[in-house]
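Visitor: I would like to learn how to read a helix and its packing. Please walk me through one.

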Amino acid sequence: MPVQPSESIFSQLDAFGHKKVVFCSDPDTDLKAIIAIHDTTLGPAFGSTRMWNYKSEADALNDVLRLSKSMTYKCAIAGLNMGGGYSVVIGDSRRDKTEAMMRKFGRFIKNLNGEFITSEDVGTSPRDMEYIRMETEHVTGIPESLGGSGDPSPVAAQGVFMGIKACVKEQFGSDNLTGKSVIVQGIGHVGEHLVRLLRDENVKVYVSDIQEERIGQVAKKYGAEAVSNNSIFDIDADIYAPCALGGTINTQTINKLKCSIIAGSANNQLLDEAEHGTMLLDKGILFAPDYVINAGGIINCYSELMNFSKKRTMQLTENIYEVTRNILKLSKSENISTINAANKIAEKRIADIKKVKSSY
Ligand SMILES: NC(=O)c1ccc[n+]([C@@H]2O[C@H](COP(=O)([O-])OP(=O)(O)OC[C@H]3O[C@@H](n4cnc5c(N)ncnc54)[C@H](O)[C@@H]3O)[C@@H](O)[C@H]2O)c1
C-alpha cells in the first residue's frame with residue numbers, strides 16, 4: 001500500500017527507507033523546503049528542486065519522499081554513479097519565489113557538504129539554479145552562458161521519445177512512429193519538446209494542459225489537436241504520455257484508458273506501484289517505467305558534473321531505448337509488471353556496487 005500523508009514522519013521514513021531528511025525553514029526569506037536523501041550507495045544524492053503550492057505540508061513531505069526514492073532507482077538504472085535525493089520548496093513559484101529565497105535554499109544545500117546535488121524541476125528554472133550556485137557549487141543545470149548545461153528538458157524529452165520507440169517496437173513489431181497517435185498531457189518544458197519530436201516523425205499528437213492558453217498555443221505551433229484536460233481519457237490513441245505531475249495512473253484512469261502504451265516524463269505516474277503496475281500488466285497495457293525513460297534530464301546534469309561532451313550525453317540518453325527493451329524483456333519472461341522488472345535491475349546494480357565499496 002502507498003504510504004499515506006497522514007502517517008507519522010518517522011514511520012514514513014522507515015517505509016521509504018530514507019537516510020536523511022532535512023527541513024529548511026527561514027522566516028526572513030519565507031523559505032519552507034524539504035531535502036530528502038534516500039540512498040547514497042552509488043554516490044552523492046542527486047535530485048531536482050520542485051516548487052509547488054502543496055495543499056498541506058504532509059503532501060509536500062510525501063511527494064519529496066516518493067520523488068527521492070525514485071531518483072535512487074533512476075540513477076542506478078541509467079548507470080550513473082549517483083544516489084537518490086530530491087527537494088521541494090513549498091509555495092507558488094510564480095508568486096512567492098525570490099532571489100533571496102533561492103539563495104537561502106542554496107545555503108541549506110551547502111551545509112550538506114556535497115551529500116546532495118540539485119537541478120531544476122517543475123516550478124524552478126536555470127535562473128534559480130544560478131541563484132543557488134551563488135551560495136554553493138552543489139548544483140547543476142545552470143545556464144550555458146555560465147558554463148553549465150542549461151535547461152535539461154530537451155534531453156529529458158529525447159529520452160522519453162526513445163522510451164516510446166522501445167515500447168512501440170514491443171507492441172507493434174517496429175519502432176517506426178509514423179501514423180501512431182499520442183496524447184501528451186502537460187505541455188510544459190518536457191512536454192513541448194516531446195510534441196516537437198513526435199511531430200517530426202509524423203505522429204498524430206493530442207495536447208492537453210491545465211493552462212488553457214498553453215493548449216491553444218502549442219497545438220497551433222506544432223499542428224497538434226487540442227484536447228481539454230477532462231476529456232483526455234476519452235481519446236482513442238495508441239500512446240498516453242503523462243508529462244505533468246505524478247499519480248495520474250490509478251484504478252479509475254486505468255479502467256478508462258484506451259491506449260496500449262503509457263510512456264511519459266512525469267515522475268511517479270503510478271499511484272500505487274504494486275497494484276497499478278499489475279493492473280496494467282493484466283490489461284496488456286505496456287507501461288514504460290517513468291524513472292527509466294525520463295532519465296535524460298538527470299543524464300544531462302550528470303554530464304555537466306563530469307564534463308562530458310554533448311555527444312556523450314546524447315549517447316547515454318539514446319541508450320534509454322536498450323534499457324527499456326531489457327526491462328520489457330524481463331517483464332515478459334518473468335510475467336512481472338514492468339515497474340517490478342525495472343526495480344529488480346536497479347536494485348541488483350545497487351547491491352552489486354555495495355559489494356565493491358565494502359573494502360578499500
Ligand atoms: N524538466 C526536466 O528536465 C524533467 C526531467 C525528468 C522528469 N521531469 C518530470 O516531467 C514532468 C514535467 O516537467 P516539466 O519540467 O516539463 O514541468 P513544467 O512545469 O514545465 O510543465 C508541466 C506542465 O504540466 C501542466 N500541468 C500541471 N498539472 C496538470 C494536470 N493535472 N493536467 C494537465 N497538465 C498539468 C502545467 O500547466 C505545465 O504546463 C514533471 O513530473 C517532472 O518532474 C522533468
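Guide: Start with what helix 10 packs against: its buried residues meet helix 9 (251–256), strand 12 (286–287) and helix 15 (338–356). Contact here puts two C-beta atoms, placed from the backbone, within 7 Å. Helices (H or I, at least four residues) and strands (E, at least two) are DSSP runs, numbered from the N terminus. This is a predicted model: local features need pLDDT of at least 70, side-chain atom pairs count only at pLDDT 80 or more, and totals for chains, interfaces and linings use all residues. Residues are numbered from 1 along each chain as its sequence is written.

Visitor: Which residues of helix 10 are buried?

Guide: A residue is buried if 20 or more other C-beta atoms, placed from the backbone, lie within 10 Å of its own. In helix 10 (residues 273–283) these are His-276, Gly-277, Leu-280 and Leu-281.

Visitor: Why do the buried residues line one face of helix 10?

Guide: An α-helix has 3.6 residues a turn, so residues three or four places apart point the same way. Down the axis of helix 10, the buried residues fall within an arc of 145°, so they line one face. The arc is taken over directions from the helix axis to the C-beta atoms.

Visitor: What follows helix 10?

Guide: Gly-284, with a positive phi near 75°.

Visitor: How is the chain divided into domains?

Guide: Domain bounds come from an automatic or database domain assignment. Domain 1 is 9–67 + 84–146, and domain 2 is 153–347. Their centres, over C-alpha atoms, are 25 Å apart. Contacts join 6 residues of domain 1 to 6 residues of domain 2.

How values were computed
A residue is buried if 20 or more other C-beta atoms lie within 10 Å of its own, exposed if 12 or fewer, and partly exposed in between; C-beta atoms are placed from the backbone.
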